[in-house]
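I start with the ligand, then go to the chain as a whole, then to single residues.

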Amino acid sequence: MKELVGTTGLIFNEPLLWEKGAKGRIGFSLPRRDVDPCPLDDELKGDGPDFPDLSEQDVVRHFTRLSQWNFGVDSGMYPLGSCTMKYNPKTNERQASLPGFAGAHPLLPAELSQGVLKIMFDLEQYLAEITGLPAVTLQPAAGSHGELTGMMIINAYHKAKGETRSKVLIPDTAHGTNPASAALCGFKSILVKSNDQGILSPETISEVMDEDTAGIMVTNPNTLGLFEENIKKVADIVHSKGGLVYGDGANMNAVMGIVNVKKLGVDVLHLNLHKTFSTPHGGGGPGSGPICVTEELERFLPVPRVIEKDGKYELSEDYPESIGKIHAFYGNFGVKLKAYSYILSMGANLKKVSQLAVLSANYIKESLKGVFHLPYDKPCMHECVFTDKNQEANKVSTLDIAKRLMEYGFHPPTIYFPLVVHGALMIEPTETESKEDIDHFIETMKAIADEAKKNPELLLEAPKISKVRRLDEIAAARKPCLCG
Ligand SMILES: *Cc1c(COP(=O)(O)O)cnc(C)c1O
């Protein structure tokens with residue numbers, strides 16, 4: 001099998017800067033002084049902070065080496081399902097760092113901010129066109145924050161009608177943030193089981209939907225990578241009992257320019273600009289999770305809103321039924337700029353993005369079917385889910401497969417999610433990987449399946465050549481060591 005260059009060679013150790021410094025070393029030289037020295041005030045005298053003395057090269061190497069311990073989408077394929085870790089064109093970063101944007105202060109008056117206001121206004125229109133839902137807020141800083149905002153709006157809608165509803169339906173394939181967002185709005189989550197095809201059945205919804213239920217949160221395509229084919233019927237049932245449909249649009253990369261979300265019956269939808277629209281994510285931000293809503297819900301959107309009046313843009317707080325402000329100023333503006341730049345540079349090709357993302361996932365699904373157990377054997381959307389069932393006999397699990405993949409230079413796919421699939425391996429190749437790279441991934445997965453049969457200890461001991469071996473994953477999450 002083809003060996004990936006750069007995955008087995010040099011992995012540098014790197015001490016703390018404090019351990020590297022040498023007294024008197026310096027990273028710059030000042031020009032000769034041409035003014036008289038001025039004595040320091042007494043209170044400024046002292047030993048100063050305990051910073052190490054370092055040369056420029058010490059510092060550059062330190063941070064470059066540390067950066068190489070990390071794996072990013074700029075280093076290689078990152079098939080992390082449900083996350084859309086696609087390559088983000090650098091031109092969008094460039095537009096976002098133009099000084100006029102990067103230096104714009106959020107407290108500048110509207111007359112001096114016409115450019116940025118226009119961009120926010122236009123971006124809202126673009127997102128409205130992409131989703132089919134006409135009114136948009138760009139304030140939320142993440143998908144989960146969009147969920148919270150959306151559920152607050154659903155709550156406000158029921159309250160405005162004089163109703164209090166206590167429950168929300170959430171399918172068993174949902175991302176964990178869905179029930180968390182519902183709970184923060186005071187709703188009790190009612191778990192809805194998907195059918196043996198991995199999607200929702202209208203019958204199951206009919207059984208649980210009642211007039212104390214505020215609505216349903218549906219991810220479409222869902223986290224099994226399957227299109228919720230019954231979504232329209234499900235939405236009709238929820239609407240018939242006065243409920244609303246919240247759409248989790250984190251998987252929008254599969255359906256851009258193809259599906260009009262409003263026509264599916266969705267009332268509120270969040271988008272993850274940091275998944276679908278050219279902002280890299282991970283490490284906690286910054287992100288952006290705009291929500292798009294129907295005309296009926298527009299009046300509840302957060303303030304301030306960007307409006308246009310006589311060819312000028314301004315910020316308006318004049319929405320008495322608004323749920324209020326949910327982020328400082330207007331959200332993370334840099335992320336919006338990247339989305340704006342991405343959408344304009346792609347134009348009608350956004351549809352092709354989704355078509356290619358779906359094609360790539362189906363290609364992987366068909367190529368690895370049989371090698372790995374495929375629980376739902378039907379066409380998928382932008383991601384496919386396998387399990388470790390075929391490897392069970394050799395006592396090799398999903399975790400071992402993921403760890404071995406790292407030794408071949410791939411970031412592992414999402415594992416053990418969605419929870420409805422035992423030992424899930426959830427692969428999302430995205431539209432930005434070439435056929436050659438996808439073929440290399442497939443070949444690697446096949447080689448690992450082969451190793452699992454003939455040489456399982458290779459998997460059980462992996463990773464041997466990475467910076468860290470197997471971690472105590474619970475301790476790493478609960479008690480992170482942040483001091484080197
Ligand atoms: C990523 C994701 C979310 C949450 O988005 P964040 O921006 O990480 O808060 C919600 N639902 C699904 C299906 C996701 O994949």
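**Entry 1: the ligand shell.** I looked up which helix gives the most to the shell around the ligand, and found α6, with three residues. Helices here are DSSP runs of H or I with at least four residues, strands are runs of E with at least two, and both are numbered from the N terminus. I noted that α6 (143–160) and α10 (273–276) each supply at least two shell residues. The model is a predicted one, in which local features need pLDDT of at least 70 and side-chain atom pairs count only at pLDDT 80 or more, while totals for chains, interfaces and linings use all residues. Residues are numbered from 1 along each chain as its sequence is written, and side-chain values use heavy atoms, with hydrogens and water left out.

I listed 14 residues around the ligand, of which S82, S144, D248, H274 and K275 come nearest. A residue counts as near if one of its heavy atoms lies within 4 Å of the molecule or strand in question. By class, the shell divides into two nonpolar, nine polar and three charged residues. In this scheme Ala, Val, Leu, Ile, Met, Phe, Trp, Tyr, Cys and Pro are nonpolar, Asp, Glu, Lys and Arg are charged, and the others, Gly among them, are polar.

**Entry 2: distances to the ligand.** An N or O atom in the S144 side chain is 2.6 Å from a ligand oxygen. For K275, a side-chain N or O atom is 2.7 Å from an oxygen of the ligand. A polar side-chain atom of S82 also has a ligand oxygen at 2.7 Å. I then looked up the ligand's area: taken alone it exposes 380 Å², and the protein buries 88% of that. Accessible areas come from the Shrake-Rupley method with a 1.4 Å probe, and for residues only the protein chains shown count as cover.

**Entry 3: the chain.** I counted 16 helices and twelve strands in the protein chain. The C-alpha trace spans about 80 × 70 × 40 Å along its principal axes. Of the 484 residues, 49% count as buried, meaning under 20% relative accessible area, with exposed set at over 50% and partly exposed in between (1.4 Å probe, protein chains only). The chain exposes about 24,100 Å², and carbon and sulfur atoms supply 56% of it.

**Entry 4: H274.** I went back to H274, which lies in helix α10. Is H274 buried or exposed? H274 counts as buried because its relative accessibility is 8%. A polar atom of its side chain lies 3.0 Å from the backbone nitrogen of S288. Leaving aside neighbours within four places in sequence, H274 has contacts that include A141, G143, P280 and S288; contact means heavy atoms within 4.5 Å.

**Entry 5: E451.** I found E451 in helix α14 (residues 435–454). E451 is buried, since its relative accessible area is 11%. The side chains of E451 and R404 are joined by a polar contact of 2.8 Å. A polar contact is a pair of N or O atoms within 3.5 Å; within protein, one must be able to donate a hydrogen and the other to accept it, and residues adjacent in sequence count only if both atoms are side-chain atoms.

**Entry 6: L133.** I placed L133 in the loop between α5 (114–131) and β1 (135–137). L133 counts as buried because its relative accessibility is 0%.
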